[in-house]
Amino acid sequence: MLVLGRTLGVMVDNVSRLGFETRAIHAGQEPDPRTGAVIVPIYATSTYAQDGVGGLREGGYEYSRTANPTRTALEECLAALEGGTYGLAFPSGMAAADVALRALCRPGDHVIIPHDAYGGTFRLVDKVLKHWGIEHTAVNLSDVDAARAAVRPNTKVIWCETPTNPLLSVADIAALSGIAHENDARLVVDNTFATPYLQLPLSLGADIVLHSTTKYLGGHSDVVGGALITSDSALREEFFFLRNAAGAAPGPFDAWLTLRGVKTLALRMNKHSDNAERVVEALLGHPKVDHVYYPGLPDNPGHEAAAKQMRRFGGMVSFTVKGGEQAALDVVARTEIFILGESLGGVESLIEHPGRMTHLSVAGSMLQVPDNLVRLSCGIEDGTDLVQDLLAALG
Ligand SMILES: *Cc1c(COP(=O)(O)O)cnc(C)c1O
């Protein structure tokens, strides 16, 4: 039997009383009792010596597909940040989504997903899980009535992302959790864009939080990973069982890099948000810019819900360029500090054309995005440099 994590030190025992930044640095990460090492070691080991058959040592480690101490440290830290009881780390955000959906659904069950879901999530539901008899409906989840109307007797999961990618629409987490629970379904919130520093879905009634830790949590564009966080012990057991049974176990090097990134999450999210606000201000009213998408803008349809459930509005900004697709392609080709590339959430600023890049596979579907759309992941460089780079690229 695996014990749930290591014995926690006194301070970390009362972890929920501590501030966010303190939890990011200390939860799950007390100095190594034997050597005093301040940083959790990379436990590069596949197996563990037993003191006699079945005599597992402290922590109950047996085999690293099942559990590994570096991974446990990351899991305890992520749970503490989301205000949840249990964290589980995965080798990618998609591996976490796969385990969540297969644990929650059986053939004949139904899932509600956002009409502008992350493309990989849509593909998992639409191209993979449907062959195992799991049905889905794609709905605009910023419309609470549309969400309620989509519920069927066999609905087991409402899957929510907020803010969404790339149009940054906002769903009301508390309202969706009410709909899910009235119907004996579970609410999963993909909190990748907001991070626990800006938004705490479990406190708003969500049952499960999902992360692509590849993005802001890792924060340095150097590691791919995912996580599930919940306070429901039965759900934790099912996720843990399926991860171990099907093998989606992240390695200790990746867990360590992610944990290293998480320590500075609060500082980074404030700077990402500062820079996004500077960029939004520069884009608004610019003669070449058509529309700016940012949840912090009062005219954004999701602004009210965002202001209710988010601390700040994050580092992602999208905008449409006057002059159509070619004008947008010209802008993304001309920036010098914003690097042309997919992904998001790293310290460096990234720019992309969703229609030809991240969202190419959804062309022609209901997830299609405007062809003159540009998406920015504002990094933590000097804000003035970022604004000047964009203004120069706009010409
Ligand atoms: C990137 C991303 C995922 C998938 O995560 P991977 O780590 O790339 O597998 C899921 N949801 C959102 C919102 C993402 O941005």
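This is a predicted model: local features need pLDDT of at least 70, side-chain atom pairs count only at pLDDT 80 or more; totals for chains, interfaces and linings use all residues.

Reader: Why are S1 and S3 called edge strands?
Author: The sheet is open and has seven strands in the order S1-S7-S6-S5-S4-S2-S3, with mixed pairing. Strand S1 (86-90) and strand S3 (135-139) each pair on one side only. On average, neighbouring strands of this sheet are turned by 20° against each other, direction ignored.

Reader: What makes S6 and S7 a pair, and in which sense?
Author: Pairing requires at least two bridges. Strand S6 (residues 208-212) and strand S7 (residues 226-230) have five, in the antiparallel sense, so they count as paired by that cut-off. Val209 has Ile229 in S7 as its bridge partner.

Reader: Which helices pack on this sheet, and which strands do they touch?
Author: Helix H7 (residues 173-182) touches strand S4 (155-161) and strand S5 (186-190), and its direction makes about 150° with that of S5. Helix H9 (residues 233-246) touches S1, S5, S6 and S7, and its direction makes about 20° with that of S1.

Reader: How do you know that S1 is covered, and on which faces?
Author: A residue is buried under 20% relative accessible area, and five of the five residues of S1 are buried. Tyr86, Leu88 and Phe90 lie on one side, Gly87 and Ala89 on the other, and both faces are covered. In a regular strand, side chains alternate between the two faces of the sheet. S1 also pairs with S7 over five bridges in the antiparallel sense, with Phe90 opposite Gly226 in S7.

Reader: Why is S5 described as largely enclosed?
Author: Four of the five residues of S5 are buried, so the rest of the structure largely encloses S5. S5 pairs with S4 in the parallel sense over five bridges. In S5, Val188 stands opposite Trp159.

Reader: In the sheet of five strands, what makes S8 and S10 the edges?
Author: This open sheet has the order S8-S9-S12-S11-S10, and its pairing is mixed. Strand S8 (289-293) and strand S10 (339-340) each have a single partner strand, so one side of each is without a neighbour in the sheet. Strand S11 (residues 350-352) and strand S12 (residues 373-377) run antiparallel and are joined by three bridges; Ile351 has Leu376 in S12 as its partner. Helix H13 (residues 324-334) lies across strand S9 (316-321), S10, S11 and S12, at about 135° to S9.

Reader: What is the handedness of the crossing of H11 with H14, and which residues meet there?
Author: The crossing is right-handed. The axes of helix H11 (residues 265-283) and helix H14 (residues 383-394) come within 9 Å and cross at roughly 35°. From H11, Lys271, Asn275, Arg278, Val279, Ala282 and Leu283 meet Gly383, Thr384, Leu386, Val387, Leu390, Leu391 and Leu394 of H14. By class, this contact has eight nonpolar, three polar and two charged residues.

Definitions and conventions:
Residues are numbered from 1 along each chain as its sequence is written. Side-chain values use heavy atoms; hydrogens and water are left out. Axes are lines fitted to C-alpha atoms, for helices over the stretch in contact, and angles run from 0 to 180 degrees between N-to-C directions. Helices (H or I, at least four residues) and strands (E, at least two) are DSSP runs, numbered from the N terminus. A crossing is left-handed if the near helix is turned anticlockwise from the far one by less than a right angle, and right-handed if clockwise. Contact means heavy atoms within 4.5 Å. Ala, Val, Leu, Ile, Met, Phe, Trp, Tyr, Cys and Pro count as nonpolar, Asp, Glu, Lys and Arg as charged, and the others, Gly among them, as polar. Buried means under 20% relative accessible area, exposed over 50%, partly exposed in between (1.4 Å probe, protein chains only).
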